[in-house]
Amino acid sequence: MTQTASGANVIIVGAGVVGCSIAFHLARAGARARVFDKGGICAGMSARSGALVRMHYTFAPEAELAWKSHNYFQNWGEIVGGRCGFVETGFAVVVDERNASRLRANVTMLQSVGVNTEVVTAAELRKLEPHAFVDDVALAAYEPHSGYADPVATTESLASAAKRHGAEFLVNTAVAGIIHSGERVTGIVDGVGRVHEADAVCVVAGPWTDALLAPLGVKIGIKSERAQIAFFKRPPQIQHCIYIDTIAGSYFRPHGGDMTLAGLGGWKAEAEANPDDFRESNDDDFVAAVRERLAKRIPAMADAPYSRGHAGIYDVSPDARAVMGRVPGVERLFVAAGFSGTGFKTAPTVGASMAELILNCTSTTVDLTPFGFDRILNGRMIESPNEYEMGAGFGHKL
Ligand SMILES: Cc1cc2nc3c(=O)[nH]c(=O)nc-3n(C[C@H](O)[C@H](O)[C@H](O)COP(=O)(O)OP(=O)(O)OC[C@H]3O[C@@H](n4cnc5c(N)ncnc54)[C@H](O)[C@@H]3O)c2cc1C
């Protein structure tokens, strides 16, 4: 980060994992960072995250974000300070014949990015995972060092680190609007009409983002999709790594020594959700469906008792990829939103890259150009060459 950081005055709207990461990186670089949230720190969707930390993506720039973020999760105490609760479990994407050549191509791409991953056969997977059913598996991509983290601890730790570097958090303070003079942003106005001036504003408000951008005549087109996860009791002698199961259409991970977290995104059609008013508990038929899919891969979980669960909202962009960068039409206004159900694991390097972009006009940790807003306005959606055909209801792209 260069000297230009010093003295920059930046407002961040949203104290989720991404907003707190941006604040941490800005403050560490010497900028004045103020984070506004209508609730508290981690009041939005970050607290509901499944918090899988894997690197398998089908789009190389996203894989690079995940790979470089993985280094943060593994070395959290040294890089950020505090704890993120990272647990290394191993991770496997399993595919049948339909997706086998895509998986091979994706693993080659991921290895070129630097990700420690390899293609394994069904028999090799069975050796790694003795409790897994693998007869329907053609191939898997395995990452030995992936795992999961604690999303609340991660977000709070980023916020604490940001505060140690001088960032301010204005919680229970809604942003009612973004203000500008001519084409340049000048700050925000809060819910009780107070004006807060800034050199730059970054909107990191998840599914609420478009509501803040729309008065400026621009929006991403985010759809709010309700997504559920459930926790099941697992006999401690049954162990498994993290799975994305493209065959059954589910994802699951261990949670501590004796629980399994399993999830599906939009597993059945629902009307677009309201992020301020949605059903937060699990649907009974969701619990039955996700347990059935879990048991297809780990048969010993067929009768696993349901413990608890919840729903959250995915902020789904038009191409189900995040939008990060400058907001067209308003100078010094930035956005990082539309993470579409996958934004937890990349938050560390999204924060580093967004801070660079805001302070230095270019991002070097990871070049965010491919995620720019222009693609939405120009209708040039991100398409991965080897996107998987997913089992029904998995809920988002890889
Ligand atoms: C059920 C579920 C499971 C998931 N599992 C995974 C996973 O396994 N791995 C993964 O990588 N990702 C996962 N995700 C996605 C990931 O959790 C999100 O992409 C990430 O948490 C988004 O963080 P954020 O900071 O962008 O948004 P949020 O955490 O939603 O933060 C936005 C903040 O903006 C604030 N805000 C909104 N409007 C205003 C306003 N006008 N004024 C002030 N503040 C405002 C809100 O109060 C909120 O605190 C999952 C998501 C869900 C819902």
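In which loop is G114 found? G114 lies in the loop between α4 (97–113) and β6 (118–121); helices (H or I, at least four residues) and strands (E, at least two) are DSSP runs, numbered from the N terminus.

Before continuing, note that this is a predicted model, in which local features need pLDDT of at least 70 and side-chain atom pairs count only at pLDDT 80 or more, while totals for chains, interfaces and linings use all residues. Residues are numbered from 1 along each chain as its sequence is written, and side-chain values use heavy atoms, with hydrogens and water left out.

Select G114. At 34% relative accessibility, G114 counts as partly exposed; the scale calls a residue buried under 20% relative accessible area, exposed over 50% and partly exposed in between (1.4 Å probe, protein chains only).

**Second stop: the nonpolar cores**

Select I12, V18, I22, L26, F169, M324 and M354. Of the 54 residues in the largest nonpolar core, these touch the most other members. A nonpolar core is a set of buried Ala, Val, Leu, Ile, Met, Phe, Trp, Tyr and Cys residues joined through side-chain atoms within 4.5 Å. Among the elements that each supply at least two residues of this core are β1 (9–13), α1 (17–28) and α9 (347–360). Domain 1 (3–50 + 152–222 + 319–378) and domain 2 (57–149 + 224–315) both contribute residues, so the core lies between them; the domain bounds come from an automatic or database domain assignment. Another core, of 27 residues, lies apart from this one and includes A140, I238, L294 and I298. In soluble globular proteins, nonpolar side chains tend to be buried together.

Return to F169. Leaving aside neighbours within four places in sequence, F169 is in contact (heavy atoms within 4.5 Å) with residues including A15, V35, I41 and K163. The charged end of K163 sits over the ring of F169, 5.4 Å from its centre. A charge sits over a ring if NZ of Lys or CZ of Arg is within 6 Å of the ring centre and within 35 degrees of the ring normal. For another example, select R308, which lies over the face of F231 at 4.0 Å from the ring centre.

**Fourth stop: aromatic pairs**

Rings of Phe, Tyr and Trp (its six-membered ring) pair if their centres lie within 6.5 Å; planes under 30 degrees apart count as stacked, over 60 as edge-to-face and the rest as tilted. By this rule there are six aromatic pairs. Select F59 and F371: their ring centres are 5.7 Å apart and their planes at 80°, so the pair is edge-to-face. F59 is in the loop between β3 and α2, F371 is in the loop between α9 and α10 (374–378), and 312 residues separate them. F59 is buried, with a relative accessible area of 13%, and F371 is buried at 1%. Next select F73 and F344, a tilted pair with 5.6 Å centre to centre and 40° between the planes. Both F73 and F344 are buried. Ring pairs link F73, W76, F86 and F344 into a cluster.

Select residues 323–326, which form strand β19; four bridges join β19 to β20, and the strands run antiparallel. Two strands pair if DSSP finds at least two bridges between them. R326 stands opposite F334 in β20. The two strands form a hairpin with six residues between them, and G329 in the turn has a positive phi of about 95°.
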